[in-house]
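Please read it alongside the sequence and the coordinates.

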Amino acid sequence: MTNEQYGFETRQVHAGEIIDAEASARITPIYQTAGYQFDSFEDGVERFAGRSTRRAYSRNDNPTNVVAARRLADLEGGTDAVLVASGQAAIAAALFALASAGDHILTTKKLYEGTREMFRGALVRQGLSFEAIDESATVDEWLARVRPNTKAIYTESIPNPLGEVVDLKKLAEVADRAGIPLVVDNTVATPYLQRPFEFGAHIVIHSTSKWLAGHGAVIGGAIVDGGRFDWAAHADRFPQLTQPGSRGEQSFTDRYGSGAYGAYLRSVIVLEYGPTVPPTSTFLLLHGIETLSLRMERHVQNAQRIAEALEGHPALTAVHYPGLAGSPYRALSDKYLPDGAGSIISIDLAGGREAARTFVDSLELVSHMTHIGDVRTLAIHTGSTIHAKLTEPERLDLGITPGLVRLSIGIERADDLIRDLTRALDATL
Ligand SMILES: Cc1ncc(COP(=O)(O)O)c(C=O)c1O
């Protein structure tokens with residue numbers, strides 16, 4: 001099954017599928033097994049050495065997970081994908097495969113706070129350094145910050161929570177000129193709304209917990225390789241992929257060519273660190289992906305209608321949604337997200353934190369919780385929760401004002417949501 005042959009809606013149902021040989025089960029079964037019985041002594045030797053196509057152990061190789069990984073790679077237009085236990089695990093694994101202690105990573109300034117926290121805390125303690133650059137910087141300004149030890153540019157296609165659509169072509173130009181991969185967290189857009197590889201990205205990350213699984217039931221993550229980065233051409237920067245192993249084993253680029261990164265992720269990073277996702281979670285993810293296009297159509301229609309309906313409400317000083325005609329990101333949204341600007345809306349309440357308290361406590365239909373990409377509509381005051389650890393000046397620098405509430409718009413009837421949101425806003429006046 002190839003991209004040229006079938007459309008997205010067909011591939012989200014079928015790409016990568018296997019028909020179970022024993023039972024002919026039509027949908028991908030949950031292969032709930034830790035390991036796989038070897039046929040013989042020699043078979044075990046071959047599987048361990050990676051010379052057999054048959055499996056050795058579920059930590060990094062489980063058939064249910066492999067089907068979902070192949071499907072996601074197909075939908076993103078990549079060549080390989082690896083599933084892991086959460087979006088956070090996907091980000092950590094993707095970067096561990098690229099960088100080690102002493103290395104430097106450039107990022108855009110506006111990122112999901114969990115990611116920023118990992119970059120500022122846990123990964124700094126592992127010896128990595130991160131430098132955040134404003135999205136609006138020019139190609140030359142970005143290039144001026146690239147150092148010999150810079151190993152990646154990291155960004156989000158639609159940053160959570162303010163939706164400042166990122167100019168991926170610009171960042172891809174920087175990455176290509178600098179000889180480093182562009183890593184894009186595409187969680188909020190999903191491959192239905194945007195495929196970053198088409199704009200020059202090299203690696204795509206997903207929290208599959210969000211719109212891909214879609215029903216708020218599972219946590220998972222994925223790393224997708226675009227297969228386009230020429231690792232061998234930048235051999236000194238990525239010795240883990242291009243140099244022979246410590247016992248003289250062939251390098252990953254010699255063994256796997258343009259697939260070296262995916263192979264290294266799977267057979268070193270995931271095997272050694274073990275951030276394995278359970279196949280039961282992946283079973284639910286596969287069910288979610290089968291209806292992705294249908295849900296995304298409704299998510300973005302609802303978000304556009306609701307953003308327009310809330311704009312101008314007297315309780316609000318701002319509605320942040322890149323699909324709004326007056327959004328400073330509307331031009332980028334038209335260019336990169338022609339099928340819809342995602343379904344995160346952030347609203348800024350004029351009455352600040354106290355108004356936000358009244359607002360969330362007045363909601364009846366909308367769920368007050370942290371999470372995004374659910375079929376249900378969700379709301380959260382980010383300053384007192386997700387961004388609570390930051391100082392007030394740090395929050396303001398990121399655009400997290402005291403009255404900011406993030407909405408993740410679900411697939412319910414838009415009129416019902418508008419009524420609930422408007423009533424809760426009225427209560428703050
Ligand atoms: C954009 C983005 N990336 C990554 C993550 C982390 O994903 P997970 O919660 O699956 O670890 C989140 C979580 O909200 C997110 O919003």
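Helix α5 (residues 113-120) is largely enclosed by the rest of the structure, because six of its eight residues are buried; buried here means under 20% relative accessible area, with a 1.4 Å probe and protein chains only. The buried residues of α5 are Glu113, Gly114, Thr115, Arg116, Met118 and Phe119, and what covers them includes α4, β2, α6 (122-125), β3 (129-133) and β4 (150-156). Helices (H or I, at least four residues) and strands (E, at least two) are DSSP runs numbered from the N terminus, while contact means heavy atoms within 4.5 Å.

This is a predicted model, in which local features need pLDDT of at least 70 and side-chain atom pairs count only at pLDDT 80 or more, whereas totals for chains, interfaces and linings use all residues. Residues are numbered from 1 along each chain as its sequence is written, and side-chain values use heavy atoms, with hydrogens and water left out.

Strand β2 (residues 104-108) contains Thr108, which is buried with a relative accessible area of 1%. Not counting residues up to four places away in sequence, Thr108 touches Ala132, Ile133, Glu135, Trp142, Tyr154, Thr155, Glu156 and Leu171. With Thr155 there is also a polar contact between the two side chains, at 2.8 Å; such a contact is a pair of N or O atoms within 3.5 Å, where within protein one must be able to donate a hydrogen and the other to accept it, and residues adjacent in sequence count only if both atoms are side-chain atoms.

The ligand is surrounded by 13 residues, the closest being Gly87, Asn160, Asp185, Ser207 and Ser209, where a residue counts if one of its heavy atoms lies within 4 Å. Helix α4 (residues 87-96) gives the largest share of this shell, three residues.

| Residue | Protein atom | Distance to a ligand oxygen atom |
|---|---|---|
| Gly87 | backbone N or O | 2.9 Å |
| Asn160 | polar side-chain atom | 2.9 Å |
| Ser207 | polar side-chain atom | 2.8 Å |

Taken alone, the ligand exposes 390 Å², and the protein buries 92% of that, with areas from the Shrake-Rupley method and a 1.4 Å probe.

Ser52, by contrast, is found in the loop between α2 (41-48) and α3 (63-76). Its side chain reaches the backbone nitrogen of Arg54 at 2.9 Å, and, leaving aside neighbours within four places in sequence, Ser52 is in contact with Glu46 and Arg47. The C-alpha atoms of Ser52 and Thr108 are separated by 41 Å, the two residues being 56 residues apart along the chain.

Conventions
Buried < 20%, exposed > 50% of the residue type's maximum accessible area, 1.4 Å probe, protein only.
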